[in-house]
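Let us go through this model by question and answer. Look at the fold before reading on.

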Amino acid sequence: MGQDHIRYDILAQDALRGVIRKVLAEVAATGHLPGDHHFFITFLTGAPGVRLSQHLKAKYPEQMTIVVQHQFWELKVSETGFEIGLSFSDTPEKLVIPFNAIRGFYDPSVNFELEFDVAASEDEEEAESAEITAYPLSEAEDAPADKSSEKPDGGPKGGASVVSLDSFRKKN
């Protein structure tokens, strides 16, 4: 198998992040979440472009999961990321999160999850080992046993179809 000069892994990540961008843009346009939809979004707090208070950065030095459900404000979505106002222990905070910093997106109302293997730095070697996992969950199969794939509400529910781009890469 030849070398991937097109970088399908990067194109696939951008396309899947486009799903998050489109969903958040629709919520920003209407000002509310439709039906029972709500989102758990996990991101790297030290990734380039992430902005949050020093208090939150100290409390979550590596990664953080936010819940977008009932109380959020000033959601603004751009091509590269989003801004949102959330309350943490009754303290209002404004967060700026680039889409490239997102490690996971989960909507438990429909058991839909996207998971990204995000490199903490822009190191080329780390980017070479990028993996994307998409979880359109169903109740017919068992969920992954990997604890990092557990849902924020306590664990996997239903099954998962795992797509790893590493399986398509040339092995050296």
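**Strand β6 and its partners**

Strand β1 (residues 39-44) pairs with β6 in the antiparallel sense, over 4 bridges. Two strands pair if DSSP finds at least two bridges between them. This is a predicted model: local features need pLDDT of at least 70, side-chain atom pairs count only at pLDDT 80 or more, and totals for chains, interfaces and linings use all residues. Residues are numbered from 1 along each chain as its sequence is written, and side-chain values use heavy atoms, with hydrogens and water left out.

Q: Which residue in β7 is the bridge partner of G104?
A: β6 also pairs with strand β7 (residues 112-116), antiparallel over 4 bridges. In β7, G104 has as its bridge partner E115.

Q: Which residue takes a positive phi in the hairpin of β6 and β7?
A: The hairpin has 4 residues between the strands. With phi near 50°, the residue is N111.

Q: How many residues of β6 are buried?
A: Buried means under 20% relative accessible area (1.4 Å probe, protein chains only). Strand β6 (residues 102-107) is mostly covered. Of its 6 residues, the buried number is 5.

Key
Buried means under 20% relative accessible area, exposed over 50%, partly exposed in between (1.4 Å probe, protein chains only). Helices (H or I, at least four residues) and strands (E, at least two) are DSSP runs, numbered from the N terminus.
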